[in-house]
Amino acid sequence: MSDAVIPAQLAHAWSAEPAITVPLALAAVLYARGTKALWKRAGTAHGVRVREVAAFAAGWLVLALALLSPLHEMSETLFSAHMVQHELLMAVAAPLIVLGRPLVPFLWSIPAAWRRGVARAFSSGWPAGAWRVASRPSVAWLAYAVAIWGWHAPRLYDAALASAPLHALQHATFLGTALLFWWALLHSARRRYGASVLYLFTTAVHSTALGALLALSSRPLYPAYASTAAWGLSPLEDQQLAGLIMWVPACLAYLVAALALMLAWLREADRRVPRPVVVPVSLAAAFLVLALAGCDREADEISRRELVDGNAARGREIIPAYGCNACHSIPGVRGTDARVGPPLKGIGSRSFIAGVLPNQPDNMIRWIRDPQAVDSLTAMPNLGVSARDARDIAGYLYTLR
Ligand code: HEC
């Protein structure tokens, strides 16, 4: 632990710890390189959207601020500062980074020849299985809760403050489980609106409970934070402040996210229900428009459903005309058990198309029409599929869950 920082030294307390600056810089470079490569291939703003790039950039900035600014030094002396730092990591930076879909640009930032190998490794075999389990919302929820509660056990917390490696491990588990948690709720194929709202709500409840426990405790729980006097706070006041920070602003982040998902859910209902019934829903929508930034995943789900409702049956009929079943085994389409391309069973609930494009309707249609433009090294040829046919085929593929 470095010497305690006092208010007068604060302005000089920026950190340049290589263990943090190097991975941060690497992440920014890979994301930028990958986005450039992807946009060059698939068209600007395709594959990863402008707002996703903006979300990643914002999340990256918050992360850098939390880990390198004087806040980091302050958090060695003040529990409340440490709490701000942790909440910035978990409740602000993590969801923004997740909204930026970093895996896609990261994948595209490596040489094309490796990309396919990496994508393969992670879309089949044990890594895919492990990821499927870990990214289940229930598992991610539990991991996140265990990280939050476990590290706040006074013994563990004090141990982390006394040892740099343990402190790094603490931050890594906070950030890692938070990324997993937000990913599972916002992007996972297993995500369901109702369940996600419930997971967010219960997370708000249990962190409220922990915050209240800290704020209302009658004695300081963390002996390491004994020298807070320079900041005009007693250790107990510092702890109360930390508890309040976890209690109110941090929980707000979960509730805003839950509201945004709920709103998206209502919007989906809005599309199905005749207009007049929907007026209150639209009012709620207007009220919460801000909270919605970044929930376009739901829009994808809607248009997926539209695709499926419209033309799936026709799509299934025309697949053999293009010979898709010569290379793929496709449930419901007769053909040999072809193994040139991956089996398309379950393609509707996979996260990526061919391991490189997020599985969204516009990407799926682009892939079917012109896979070579997306990835010049792919073994799937351009088959001259018309726009309408591609739409219908995509519609059928999305019924394969
Ligand atoms: C000549 C063989 C061949 C034909 C014909 C073919 N594909 Fe493919 N397809 C592949 C290969 C190989 C891949 C794996 C691409 C990769 O990973 O780069 C693939 C990948 C895909 C994927 C992504 C699968 C995944 O697991 O992410 C989809 C979807 C797909 N093809 C749909 C179609 C459709 C629809 C047709 C017909 C219009 C078709 N393919 C025709 C060989 C073919």
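Helix α17 gives the most to the shell around the ligand, with three residues. Here a residue is near a molecule or strand if one of its heavy atoms lies within 4 Å of it, and helices (H or I, at least four residues) and strands (E, at least two) are DSSP runs numbered from the N terminus. This is a predicted model, in which local features need pLDDT of at least 70, side-chain atom pairs count only at pLDDT 80 or more, and totals for chains, interfaces and linings use all residues. Residues are numbered from 1 along each chain as its sequence is written, and side-chain values use heavy atoms, with hydrogens and water left out.

Back to the ligand. At least two shell residues come from each of α6 (112–123), α16 (324–327), β1 (352–353), α17 (361–369) and α19 (387–397). The shell divides into 20 nonpolar, four polar and three charged residues; Ala, Val, Leu, Ile, Met, Phe, Trp, Tyr, Cys and Pro count as nonpolar, Asp, Glu, Lys and Arg as charged, and the others, Gly among them, as polar. Of the 27 residues around the ligand, Cys 324, Cys 327, His 328, Arg 350 and Met 380 come nearest.

Now for the cysteines. Cys 324 counts as buried at 16% relative accessibility, and Cys 251 is buried at 3%. Buried means under 20% relative accessible area, exposed over 50%, and partly exposed in between (1.4 Å probe, protein chains only). The structure holds zero disulfides, a disulfide being a pair of cysteine sulfur atoms within 2.5 Å.

Val 333 sits in the loop between α16 and β1. Its relative accessible area is 11%, so Val 333 is buried. Leaving aside residues up to four places away in sequence, Val 333 touches Arg 316, Ile 319, Pro 320, Asn 325 and Tyr 396, where contact means heavy atoms within 4.5 Å. Ile 319 lies 14 residues from Val 333 in sequence and 7.6 Å away in space, C-alpha to C-alpha.

As for the whole chain, 19 helices and two strands are present, and buried residues make up 47% of its 401 residues.
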